[in-house]
Amino acid sequence: MLKKEFKEVFKQMLYFLLIIFLILCAEFIERVISKSTFQFFDSFFPIFQFGILFMAFFFGISLFSSEVRQKGTEYILSFPYSRLKLLCIKVAPRAIAMILFYLLYIVFYYLGGKNISIIAIVSFSYFFFALFLISISFSSVRDNFLVNAITVLFVFSGFLALVYAVYSIAHVLKGYGLFCFPFKSIFMAGVSFVEPKFTFFVILFLVLPFITSFVLAFRKFDIRSCSIFNKRYIKLFIPTFIAGLILSIFFAYSGIHNPYKSYYLTENHKLIETNYFNFNSCIYDNESKIKLKESIEPYSWSSVEDEKHIYMSDWSEKDVYKVQRFNKINNHIETSYTSNKKNRLSWRLQKYKDEIILFEREKGESPYSTKVGKVRSLILINTVTKAINKEKLKFQNKWKHISSFLFGVYETSNERLWLKYFHIGKNLYQIVEINKHGNVKEIGKSKNPPLYVNNILITNDEQNIIFESLTQKEKKIIKKIPEKRDIHFNPRWFRPNLNHEKKRFIYASAWDMKKKKRKKLLVLNLENFKIKDIKTDFNLDGYLRVFNSDIAYFTQIDFKNNLIKALYKIDGEKIKLLKRFKNVERFGEDSSFEIFKPGIVIRKKGKVSVFSLPDLKELKFKKL
Amino acid sequence: MINNEIIKVKNLNINFNKHMAIDNLSISFNKGETVLITGRNGSGKTTFLKCLGGILFPDSGLIQFGNKVSKRKIGVISDKMSLLEDYTLEQGIAFHSEIFGIDKFNFSLINQLNLKYERKIKTLSAGERAIYHLSLIISQKPELLLIDEIIHMIDAYIRELFLEALIELINDVNTTIIMVNHTFSETGRIPERILIMEQGKFILDEKRENLNKKIKKIITHKEIEEDIPVLFKKESSIQKEFYIYPFKEEFNSKYKYDFQDINLTEIIKSFIGGCYAKKRV
């Protein structure tokens with residue numbers, strides 16, 4: 001009989017693969033006709049992913065459908081097998097097929113599905129097997145396949161809601177307040193706020209009642225009306241479900257993290273806290289805590305701060321992407337720009353003088369898979385008049401790129417030109433200038449990401465560091481320094497503010513690219529164009545941070561153990577230890593270490609401490 | 001279990017949505033016995049048989065099989081039972097042989113009907129299906145054969161084949177046969193033990209040879225004495241028929257009636273008729 005079941009399941013698998021193949025053929029033909037440049041895998045993986053979810057459902061629900069269709073239930077019940085053995089014979093080939101499909105999914109996931117997956121692998125894995133087991137448990141509700149299928153779909157929807165409810169209850173029981181984590185986010189991002197081993201038990205104890213009740217009820221399965229079987233099932237289900245629910249709440253309670261919170265220290269020493277479980281933001285100063293009307297998510301590397309405002313992107317609302325402006329004086333939040341519903345906004349905002357600049361791209365494009373050309377628009381927001389200028393980018397060439405960043409701006413007598421680079425190949429960055437009409441002009445290349453400081457464009461090739469001045473018509477080389485090392489300047493922390501504050505020093509790192517290890521910290525003196533090593537006698541694993549000034553900070557990190565070890569201040573060639581840290585995690589369920597221009601914020605087991613920079617004086621927030 | 005017993009049923013109960021189909025039933029069957037279970041429609045015969053075949057699960061009670069009876073040696077054949085209809089006869093034989101561990105399949109019955117092996121089971125007529133199914137079961141060399149209302153739905157030729165096969169089985173394998181049937185004209189020669197079921201219980205359990213002695217018929221124009229136990233009374237404008245059960249030898253000397261012997265069909269009819277009469281009351 002096992003052979004028959006394997007044959008049947010194999011046949012079903014072939015049908016399924018054939019359907020997927022046909023859908024893909026149709027998709028391929030459509031793409032050939034429309035001359036789309038999308039990659040084949042981009043459409044294959046989501047189809048496959050939903051296809052095998054359907055397969056899990058079908059394998060479970062069709063456990064006895066073949067016998068029911070042939071009216072052969074009585075015949076198979078007369079076989080010399082116990083009910084449990086019969087069930088095992090029925091389930092085993094389907095379980096093996098499920099595992100095979102799951103392994104195939106894992107292979108495809110790591111072959112590239114990871115970047116285009118719409119369901120997180122953790123959520124998918126749980127839902128895939130849960131759907132199979134729940135479908136099995138409802139395979140004998142009625143003799144009618146359709147009724148069983150509809151029942152499973154209802155029950156499975158309820159099951160998903162139950163998972164959410166269990167976490168909500170655990171969250172409230174733990175005293176973290178109301179749980180508002182969007183259901184969609186759980187599905188897409190996985191249940192990342194709970195320890196994986198606990199999530200496993202939460203799901204397990206919610207699925208077990210279905211499957212144990214079914215197995216126990218099936219021990220007396222016969223040809224009497226389904227209602228008799230269902231009554232027996234429900235009698236067993238109610239107590240097991242109550243027990244399972246209590247256990248799953250217990251495991252959710254045990255495994256749930258402190259709410260993930262992010263912090264932002266403003267330049268006027270106020271602390272903005274955002275709770276990602278209930279999407280509340282509040283702002284602390286010395287004495288008070290004020291709850292903000294809307295949630296905001298400022299980050300040191302993507303938000304722009306000036307004397308009065310912080311500008312940031314907001315992705316929190318469903319399908320609405322907007323730029324928010326937070327007034328640091330009166331805590332007022334307003335929306336500066338909302339994207340077209342079909343589009344997405346870049347996360348990073350940048351500012352030059354009175355203009356905020358950002359980019360808008362089509363939904364479905366990601367910074368990692370997009371192709372330059374049809375999708376991007378330049379958005380300029382005037383911070384004084386609030387006027388918005390939106391222009392489509394007009395490219396000369398089309399490159400496939402994985403990252404692109406705006407790194408500077410220069411002004412000629414009659415126009416403002418934005419400098420951006422695109423990573424177009426290994427050790428090759430294309431530099432372009434963009435005018436306010438969106439025209440993109442190629443102006444050069446660099447081996448590593450370029451910089452624009454003190455009105456000088458700094459690039460490098462295999463042999464030299466090259467300093468050039470930009471004018472409307474040409475680039476003029478000012479200086480070349482021979483440098484064969486693999487030097488990466490540290491442009492990241494310049495980006496939010498593109499204003500032309502005169503700088504004396506540029507900091508950089510010399511890298512051993514084979515070992516992916518920083519070999520040296522370097523300083524480039526912009527007054528004499530000399531590059532010097534900063535003398536250090538410690539391990540250089542960590543991050544170099546520069547906040548638009550001549551001072552830099554180096555955070556020494558033990559990446560293996562996820563620990564912050566020390567903080568150093570660098571001023572020209574001088575380096576000074578500011579503080580050593582013990583047991584401060586770089587990030588974790590209730591720990592974080594964030595460095596901002598005015599100070600550092602340390603969250604250690606939920607407790608938050610804030611220190612100003614560069615003096616490391618503790619900033620007190622009474623209500624924190 | 002006593003040595004010769006093949007099945008022992010103790011306090012068996014089965015409900016169908018509050019309707020008691022089998023009511024605290026206890027009985028045993030011996031090796032090699034041929035048993036006929038009959039009774040009016042809905043009395044629980046098929047339920048009982050399906051319970052013995054493992055198709056139905058009792059709500060309570062116990063069904064014990066003799067030590068040497070393997071589940072592979074139990075055959076169930078029913079008028080309503082479908083096989084795996086999408087299979088061809090050949091596939092069905094291979095499948096059944098694998099499940100029941102049949103080494104040597106007995107093709108004789110199928111060959112007598114000249115059935116083609118590549119035909120699908122669903123294309124067989126009721127009679128052909130019965131013979132095909134019986135072939136599958138016979139090949140198991142069953143120690144226990146449970147037959148549910150097959151005879152009435154097949155034609156005379158196939159019926160003859162079917163009964164001959166049963167007799168051969170009884171002779172060769174000493175199979176215990178328990179059959180549920182409503183017609184007895186042709187099967188009447190087979191059973192040794194007659195069981196009549198009513199409302200989930202056996203109201204008659206007699207060896208066939210004793211049954212003729214225990215039930216008699218009187219035909220008269222008048223009412224009979226009250227101390228004669230009447231199982232069933234049939235009345236017409238011309239005469240009255242009284243079925244007497246249990247009949248005692250002393251009745252012959254005490255009363256001057258002609259106590260007539262009756263055949264099996266009439267015996268069973270009288271019992272069923274009695275059940276209906278009681279129900280009417």
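Angles between axes under 35 degrees count as roughly parallel, over 145 as roughly antiparallel, 65 to 115 as roughly perpendicular and the rest as oblique. This is a predicted model: local features need pLDDT of at least 70, side-chain atom pairs count only at pLDDT 80 or more, and totals for chains, interfaces and linings use all residues. Residues are numbered from 1 along each chain as its sequence is written, while chains are lettered from A in the order in which they are written.

**Helix pair in chain A**
- The axes of H6 (residues 121-137) and H7 (residues 145-173) of chain A come within 10 Å and cross at roughly 135°.
- H6(A) and H7(A) are therefore oblique to each other.
- H6(A) supplies A:Ala130, A:Leu131, A:Ile134 and A:Ser135 to the contact, and H7(A) supplies A:Val152, A:Val155, A:Phe156 and A:Phe159.
- Contact means C-beta atoms, placed from the backbone, within 7 Å.
- Seven of these contact residues are nonpolar, one is polar and none is charged.
- Ala, Val, Leu, Ile, Met, Phe, Trp, Tyr, Cys and Pro count as nonpolar, Asp, Glu, Lys and Arg as charged, and the others, Gly among them, as polar.

**Chain A against chain B**
- Chain A gives 18 residues to the contact and chain B gives 20.
- On the chain A side, helices H4 (73-77) and H10 (226-255) each supply at least two residues.
- H4(A) has the largest share, three residues.
- The side of chain A that touches chain B has seven nonpolar, five polar and six charged residues.

**Confidence**
- Chain A averages a pLDDT (the predictor's confidence in each residue, from 0 to 100) of 84, and 89% of the residues score at least 70.
- Within chain A, confidence is lowest in helix H8 (residues 183-189), at a mean of 55, and highest in strand S28 (residues 563-571), at 94.
- Where pLDDT is low, the predicted coordinates should not be read in detail.

Key
Axes are lines fitted to C-alpha atoms, for helices over the stretch in contact, and angles run from 0 to 180 degrees between N-to-C directions. Helices (H or I, at least four residues) and strands (E, at least two) are DSSP runs, numbered from the N terminus. Two residues are in contact if their C-beta atoms, placed from the backbone, lie within 7 Å.
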